[in-house]
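Welcome! Here is a short briefing to read alongside the sequence and the 3D structure.

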Amino acid sequence: MATINVRKKEVTRDPDHCDIPYYVSEFVEREVGNDYDSLRKLDNLIDKLSENKRQLEEQVLTVSSEVPKRIQNALKNAEDSKKSLSRLLEEETLLSSSISSHLLKAQPWMEDLDVLISQVEEIERHLSYLKWISRIEELSDSIQQYLMTNNVPEAATTLAFMAELDIKLQESSCSHLLSFVRSTVKFWHKILKDKLSSDFEEVLTQLHWPFVGPPQSQALGLAAPASAPDMYNNLETLFCQLLKLQTSDELLTKPKQLPEKYSLPPSPPVILPMQIMLNPLQKRFKYHFTGNKQTNILNKPEWYLTQVLMWIGNHAQFLDDKIQPILDKAGSSVNAALEFSRGLVMLILEKLAADIPCLLYDDTLFCHLVDEVLLFERELYSVHGYLSSFPSCMHILSEESCFQRWLTVEKKFALQKMDSMLSSEAAWISQYKDITDVDEMKVPDCAETFMTLLLVITDRYKNLPTASRKLQFLGLQKELVDDFRIRLTQVMKEETRASLGFRYCAILNAVNYIATVLADWADNIFFLQLQQAELEVRAESNTVSKLQLGQLASMESSVFDEMINLLERLKHDMLTRQVDHVFREVKDAAKLYKKERWLSLPSQAEQAVMSLSSTACPMLLTLRDRLLQLEQQLCHSLFKTFWQMLAEKVDVFIYQEVILANHFNEGGAAQLQFDMSRNLFPLFSHYCKRPENYFKHIKEACIILNLNIGSALLLKDVLQTASENEITLKPNQPSATAALNELGVYKLAQKDVEILLNLRASWPNTGK
């Protein structure tokens, strides 16, 4: 065994310096190892290795015999592919030469064929051209035949078809053909239009159109004389025939348009029969309101605006009863009354576009014009149902130079109004001071007038056609609110020394009212839409942070938030000043109460009846008088905030300056509780059901000071045990908080209660 081990150690593991390969020695180590019994396995091991050797030799022989065959096959395939490629190349060469030869032979034929194809195409174009001419001439002959036989409806229908062909040919480059078609359409259109217009005007005259007189004269157009059925049949026939000329009329007539600077919305031309119905009114309008007529003066825009409204109103019933059924029967979607109104409004727009440059820099005339236009628009929309998608006077007022002037004048007059309202003798007096139900907010006249001014401005600009213009007016409103806030602040500073005075309270009511109204407006659908528009503008200009954009988008903020925050800050500062003023008075009145001899007061049992401490009277009288005064002068919400702030200060003051600064015997603690619960707390019972909840320090301190001796000792022991447990970290011991809560003490902390217990003057000798 030793010999074997020595020989094993002599076997080197270096494959470069060993006669036996390393892997062989490893194999022997693994299979035989140090176990002699393993030598018996050598026969099986040798047989196994011999079998493996034989299998490997067979595999080598097989592979060595197969590889040459595969190589030979691959070489043979390569030779075959090479021969096929050579054959294909030869065929390609032959085919290429054959094609080249064929192309050379066919070239003359191709040239001749190209000439023939070009000639055929040209002949086809000529033929198509002649067919178009023939088609137009046929239609023209048909119209002539219809007119000769007085078949005007068919003539109008044929002309409408010809106009549609004209539209189809618009993309053609045949300028002469287009000119021929257009001239033919124009020729027959003029003939038919003149004839139908003349007949239509004659029927309208028989109906006494237009109705320019008083309402009684309209009865003639709506009456039913003997010839009425024939008259209305003619009206319907001619109206329908004129409708058929609409397509050709739009082709030939370019509607009069105002300059692009007015940004009028696109709208189709007024239908042809309605144009004819409008003609006499347009002539009257231009006669009276253009040129040197006495009715055409810049300071009386209400004349032509009222005239147009009267015309719309005078003809509304006739249009609804007689014209609208004709349009419905013809399958038209046009509303007769709106179409009539649209035609007349265009007269107004042209008049405004001509007049505004003449009075742009005269504030009085310009402001009067704007006022009258806004009144006109209001009646046009509310009474006559005019659509916001149609061109309107607001588009003229939205033109850049006119709009900027409007903004300037609006601001100027608003500031003048603010000056007058603040300088008025009744500026700080409520209009409803004698009406209790109405005067809940106690709003001074100047604040109510100012908010009415803002509301009027909103009504004036809310129908502007674009959001950008509305946002500019919103900016003006914000400027005015800020200016009014600054003015209120200036007046408030003059009244600072009399912070409980009538004017100071009126200013505070004004600030509160404005902030409240702005907060209500923020939820109005109109201002929510403006908020969305402002969000889009800011997002495009990248002028605000992502947080602000998120707040705007989620409606967490509003368009008036900045103004409301400034007003709320001013309100809080003014309220704080009032609270501080009253609190100083209370502290001065409480000097004697702080020095009360709480240690030597008789116990409750020694007194027949408990009475208020004489030293507490000045303090409580001051509180009562100031509360009554401010309840009369401040609105309910402000006064509620005021007394709650004051109560909080008084609570802390009495707790710190009276209770914690003194020691109490049994009589002193009882007197303190009587003064507080029967006198101080009831002062505030007019304003809430449980006033003691606003004096938690005082209420809970009185509870501790008035505990009977046994309860006080037990509580002291519980608090002491709880403190020791916190130090020694002992769980599952009685909780100090639970003990205090059981007594009704929630506000005061454990240490505060311990201090209060130590303020009790008399403790029995317990031996501790």
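Lysine 442 is partly exposed, with a relative accessible area of 22%. In this briefing, buried means under 20% relative accessible area, exposed means over 50%, and partly exposed lies in between (1.4 Å probe, protein chains only). This is a predicted model, in which local features need pLDDT of at least 70 and side-chain atom pairs count only at pLDDT 80 or more, while totals for chains, interfaces and linings use all residues. Residues are numbered from 1 along each chain as its sequence is written, and side-chain values use heavy atoms, with hydrogens and water left out.

- Lysine 442 has a positive phi of about 50 degrees, although it is not a glycine.
- You can find lysine 442 in the loop between helix 14 (400-423) and helix 15 (445-461); helices (H or I, at least four residues) and strands (E, at least two) are DSSP runs, numbered from the N terminus.
- Asparagine 150 is not a glycine either, and its phi is positive too, at about 65 degrees.
- Look for asparagine 150 in the loop between helix 3 and helix 4 (152-168), where the residue counts as exposed at 54% relative accessibility.
- Tryptophan 209 and proline 210 are joined by a cis peptide bond, with omega at about -5 degrees.
- Proline 210 sits in the loop between helix 5 and helix 6 (219-222).
- Why point these out? Most residues other than glycine have a negative phi, and most peptide bonds are trans.

**The whole protein**

- The secondary structure comes to 28 helices and zero strands.
- Of the protein's 768 residues, 38% count as buried.
- Take the contacts (heavy atoms within 4.5 Å) between residues at least 6 apart in sequence: 76% of them join residues at least 24 apart.

**Salt bridges**

- How many salt bridges does the structure hold? There are 30, where a salt bridge is a side-chain nitrogen of Lys or Arg within 4 Å of a carboxyl oxygen of Asp or Glu.
- Side chains of opposite charge can pair when their charged atoms come close.
- In one of these bridges, the side chain of arginine 54 meets that of glutamate 51 at 2.2 Å, N to O.
- Arginine 54 and glutamate 51 are separated by about one helical turn, because they are three residues apart in helix 3 (residues 42-148).
- Another salt bridge pairs the side chains of lysine 193 and aspartate 249 at 3.2 Å, N to O.
- This pair links distant parts of the chain, with lysine 193 in helix 5 (residues 175-206) and aspartate 249 in helix 8 (residues 246-252), 56 residues apart.
- Lysine 256 counts as exposed, with 63% relative accessibility.
- Glu51, Arg54 and Glu58 belong to one network, joined by salt bridges that share partners.

- The axes of helix 16 (residues 467-494) and helix 17 (residues 502-521) come within 10 Å and cross at roughly 160 degrees. These axes are lines fitted to C-alpha atoms, for helices over the stretch in contact, and angles run from 0 to 180 degrees between N-to-C directions.
- Helix 16 and helix 17 are therefore roughly antiparallel to each other, a label used for angles over 145 degrees.
- Among the residues that make the contact are Val481, Phe484 and Leu488 of helix 16, and Tyr504, Ile507 and Ile514 of helix 17.
- The residues of this contact divide into 11 nonpolar, no polar and one charged. Ala, Val, Leu, Ile, Met, Phe, Trp, Tyr, Cys and Pro count as nonpolar, Asp, Glu, Lys and Arg as charged, and the others, Gly among them, as polar.

**A buried glutamate**

- Glutamate 692 lies in the loop between helix 24 (666-683) and helix 25 (696-705).
- This glutamate 692 is buried, with a relative accessible area of 19%.
- Leaving aside neighbours within four places in sequence, glutamate 692 is in contact with Phe681 and Lys699.

Note on methods:
Angles under 35 degrees count as roughly parallel, over 145 as roughly antiparallel, 65 to 115 as roughly perpendicular and the rest as oblique.
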